[in-house]
Structure formats: C-alpha cells, structure tokens
Amino acid sequence: MIDELAEKEKKERKPVEKEPKNEPRSDSRKIEVAHHEPDASVKKVKMKAEGVCAWFGTKQALFDVNIDINEKAVTAIIGPSGCGKSTLIRCFNRMHETVPGSRFAGDIFLEENSIFDPRMDPVAVRRRVGMVFQKPTPFPTLSIYDNVAVGLRLNGTRDKKTLDEVVEKSLRKAALWEEVKDSLQKAGAALSGGQQQRLCIARSLAVELEVLLMDEPCSALDPISTSKVEELIHELRQNYTIIIVTHNMQQAARVSQKTAFMLNGKLIEYDSTEKVFTNPANKLTEDYITGRFG
Amino acid sequence: MVNYQTYRRWTDRTMVFLCGTAAFLAGIPLVSLLLYVLVQGFRRLDWTFLTSLPTPVGVSGGGMANAILGTITLVLIASCVGLPIGIFAGIYLSEYGKKNRFAWMVRFTADVLSGVPSIVTGIVAYTLIVKPMHNFSALAGGVALGFMMIPITTRTTEELVKMVPHSIREASWALGISQWRTILSIVVRTAKNGILTGVLLSIARIAGETAPLLFTAFNNQFWPKGINEPTASLTVQVFTYAISPFKDWQDQAWTGALVLLLLVLSINLSAKFFFKNSRSLLR
C-alpha cells in the first residue's frame, strides 16, 4: 500500500519537478547538512542487501529492501519507530536470526561474499561486522581492560603483549584512552554512560572489524556525550564502514554521507544525505523530515 | 468526612498492630532456639571438644572432632556429586531449555525432587551404594546428600543465569564470540556471585540433614580411614548423644548442635555477602 502511495506521490510530483529546484524550501524545521566530500558515488560498495525481507513470527518487518553501503563512509538509516530500521541492520551481522521465531529472505553481501552462504559462520561474520547497541552494554563483571580484550581473548589470543597493544590502540581509536589509561583495572560498569558507549565501540574495534553497525548509539546519552560519540564517528569513517540507525534527524544530517529513509518496513528513499535533507525525491520523506509525522 | 478519616486512621493502626504482633510471634521461636542452644551448648564448647575423639561413657573429656571432619567430608563428596550436575543442568535450562519438552520435564522433576522427604533419598542411596558394597560409607552418605543438592542447585542456577540481561548476550555475539563461549565466559561469569550464593545455600541446607545419613554414612567413634568406611557426622552424633541416658553425652549433643548451627549460620552469612555483590553488579 505504501508502495502505491509512494508511486502516486511521485507521479503527482512530476510536473512540480520541472520548476526550478534551487529555491530554498520553506521548512518549519530546516536541517543543516554538513558538507562532506560530494563524490560519495565513486566509493566502493562494502555491503549490499538484495531483496531483504524479515519476519518476527508471522509479522513481516521488512519488505524487499535493496541497499548498497559505501565503504569508509557513514550511512544513516532514519524513520519513525517500528519502521524496521533496527531489524535491517540486525540482518547485516546476522543478529536477526538469534531472535526466536524470526525468519529471513533475500541476501546480503559483504564485499563479494554472501553472509548467508552456508560456508559462512555467523560468528565469523560478526567479527567483521560489529555492533553497538542503544544502551551501553559493558560486561558488568569485567574491568575496562578485559572488556576491550575479551573479544580477542575468547577467540584464542593469549599473548599479553599483543593484548596490551590492541587494548591501547582500540581505546585510543575510541577516544577513551586519555580518560581511562590510569584506571584500566576498574570495572567497566563504573564509567559514565557516554564513556561506557565509547568503551563498547572500543570493544568492537578490537576484533578484526570492517563494518560497524550502530543502533541508536546516542539515544541514551546526554548532549555532551552525544557530540563526543559523533566526533568519534567522523574519525572512524577514515578506516571503517559505518551504518547508523538514528531517531535524531539532525544527527543523521551531521554524521552521514548517505541517508536511507524507511517507513513500515520499506526503503522509501536512499540518496546522499544532502539530497535527502534538502531536496527529497519522495513526498513521504519530505513529510517525515519536515516533521509532518513520525 | 471527619468520621471517615478517623475510621481510616484506626483501621491503619489496628492493621499495623496486628502485623507487628505476628512478626513478633514469628521471631520468638527463632530467638529462643538460638539462645537456648547457645546457653546449653556453650557449657562444653572448648578446644577439647573441637579436637578430640568421643570417649566411652564415664570417661570425662572427649569431643566430636571426627564428626566435624565427617560432616566436612560428607559435604565435599556431596558437592562433587551435586554441584557439577546441578550447575550445568541449570545453565542448560536457562540457555537452551526455554520452551522444549525435555527441559519442562527436567524442571518438573527438579521441583518434585526438592520436595521429596530426605529419608527417601537415604533409602535410594542405601539401595544404590550400601547394599552392593556391603558396608556403610561416607561415599554413600555423600551421594545421598549430593542427590539432595541437585534439584536445589539446578533451580537456583537457572534463575540466576536467567537474571543476566539479554543485552549482555547480544553484545557478546556481536563481538563474534561463539555461543558456548558467550555462555561460559560472559553469562555465567556475570552470574557467578549469584550462583555461588545458591551453592552456599544448598550446602547450608544439606549440612544439617540427619535422615539420609542414618543408614548410609551411619556413625563411627574413631577417625575415618577413608571414604569407604562408616563416618560420623555432627547431625547423627547429636542424634545419638541426645537420645542417650547420660548427662555428659546430652551436654555434648547440645554443643554439637551449637557447632552445627554456627557452621550453617556462617555459610548463610557468606552467601548473603556474595548475593549482595552479585546484585550490585547486575544493575
């Protein structure tokens, strides 16, 4: 139904598009877009979803989603609650299938290989495609050091020197090293919420991470911690591919190069962030971004 | 209006008074029991009692050293039998047995087993071990107590492992940590103090059992030579001395009871300590 609606909207909008497009829209909530490198199109595709459908029991959560994720760029997924954005990124590291009664159809590729290939171990996929959750989830009984080292340790790395190096490097990359270097043996749960979230990011970076999925990573944080995590996302973009789900449209506009808008389990629009926020092709996207619903 | 408020105030007072009285009455048996055992048992509580063997009637001195050692031995054997089975079964029920029929059966059996009178467990251990081996032994007593530990540990472990938030498991999977590693190194580790609490409480529970030991571990007046021999235990020794007609033995029974009480109390207190820690970690 939404598809039909979207089609209809497109047709209705066609004649309008002939008019000069450059005049600024009179939005009540204009969102500023950071000007990143405009040539996002020349980037390599890191992950690719083809015809992804997902179910929880009998309820279908995703309908035929096709999306290309650029390498070393930030892709934001926005949309109202329950639109399936979290479900989508949980398919990207095969976390969706851990929910009892869930089903999946379609295919997702990490570079050339399907992550659903029977020869692919979901555990190995998750080592390359990490995830940071909405609520910071440091392991409560482990120290800061162990929280970061645990991924490597439980996969067989025992060498103390290697672990020390990886822990420091990961904490530095997560912009947490300076704050915790003197208290590495303290409990991870004793840190503040924002620090805990950066600890979780550091923990993901410590394994052989290539893609980082972030499921509303700032929604439980205060504004200062949020800006720190956003700065961190800018840093990480140099080396990692990031997909971030967010409720906060300003955040999507600030941190991402490409933005996908989802509604009721369907991908409505996917384009460069600048295009989506200043001149969306779809009426539904415009309505959402200007705050007419959601 | 005024009347209604007065009525409410008086109802309130009456209820507080009734509940307070009930609480006070409930405390009386506990406090009097503790005091009585303390007063009666303290008379003979000295170093000799803790370190020497029982003496024949009429000979002064003597103690329950072998029974104390026996109780410790029995608890250790019981722990070797009951804890591994109980803990791993609990982990299975919590992590793999959410809805399947087998898990439902195990859970049901455990609940029934923990309600089985302990003398029945004793008969089972008698049939399984004492009869084929043709003698009473610490082994048989320990196994009987171990059987009693299994359902308790299973259920407490299950509940405590379930208390670990699901987000912790997801976070571990998202790091590319395999399922069994997640369970053993992350989930069980998080629930560690809670599980330890359950273990201590089940030990405290079986340390005070008498019935299953009467015809398994039996009794012994000397130092045991091994676990394949009849063994004294505090509970059985207290029972034997308490029903004897000799004043000295009866006094010793009180002291034995006091030692047992202190043992169980200290286990309970350390369990409380661990549980407090585990709760604060799960926040």
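In this predicted model, the sulfur of A:C91 lies 9.7 Å from the closest cysteine sulfur, that of A:C53, which is too far for a bond. A disulfide is a covalent bond between the sulfur atoms of two cysteines. A pair is counted as a disulfide when its sulfur atoms are within 2.5 Å. Over all chains, the structure holds zero disulfides. A:C91 counts as buried, at 1% relative accessibility, whereas B:C80, at 60%, counts as exposed.

| Residue | Relative accessibility | Class |
|---|---|---|
| A:C91 | 1% | buried |
| B:C80 | 60% | exposed |
| B:I177 | 1% | buried |

Turning to chain B as a whole, its secondary structure consists of twelve helices and zero strands. Read from the N terminus, the order of elements is α-α-α-α-α-α-α-α-α-α-α-α. The radius of gyration of chain B is 24 Å, well over the 19 Å given by the globule rule for 283 residues, so the chain is more spread out than a compact globule. The C-alpha trace of chain B spans about 70 × 65 × 30 Å along its principal axes.

Of the 283 residues in chain B, 43% count as buried. The accessible surface of the chain is about 15,200 Å², and carbon and sulfur atoms account for 73% of that area. For contacts in chain B between residues at least 6 apart in sequence, 73% connect residues at least 24 apart.

Within chain B, helix α7 covers residues 166-174. Seven of its nine residues are buried, so this helix is largely enclosed by the rest of the structure.

Just after α7(B), B:G176 has a positive phi of about 75°. B:I177 is placed in the loop between α7 and α8 of chain B, the latter helix being residues 179-190. At 1% relative accessibility, B:I177 counts as buried. Leaving out residues up to four places away in sequence, B:I177 touches A:V123, A:V150, A:G151 and A:L154 in chain A, along with B:S172 and B:T182 in chain B.

Technical notes: Residues are numbered from 1 along each chain as its sequence is written. Chains are lettered from A and ligands numbered from 1 in the order in which they are written. This is a predicted model: local features need pLDDT of at least 70, side-chain atom pairs count only at pLDDT 80 or more; totals for chains, interfaces and linings use all residues. Side-chain values use heavy atoms; hydrogens and water are left out. Helices (H or I, at least four residues) and strands (E, at least two) are DSSP runs, numbered from the N terminus. The radius of gyration is taken over C-alpha atoms; the globule rule is 2.2 Å times the number of residues to the power 0.38. Buried means under 20% relative accessible area, exposed over 50%, partly exposed in between (1.4 Å probe, protein chains only). Contact means heavy atoms within 4.5 Å. Accessible areas come from the Shrake-Rupley method with a 1.4 Å probe; for residues, only the protein chains shown count as cover.
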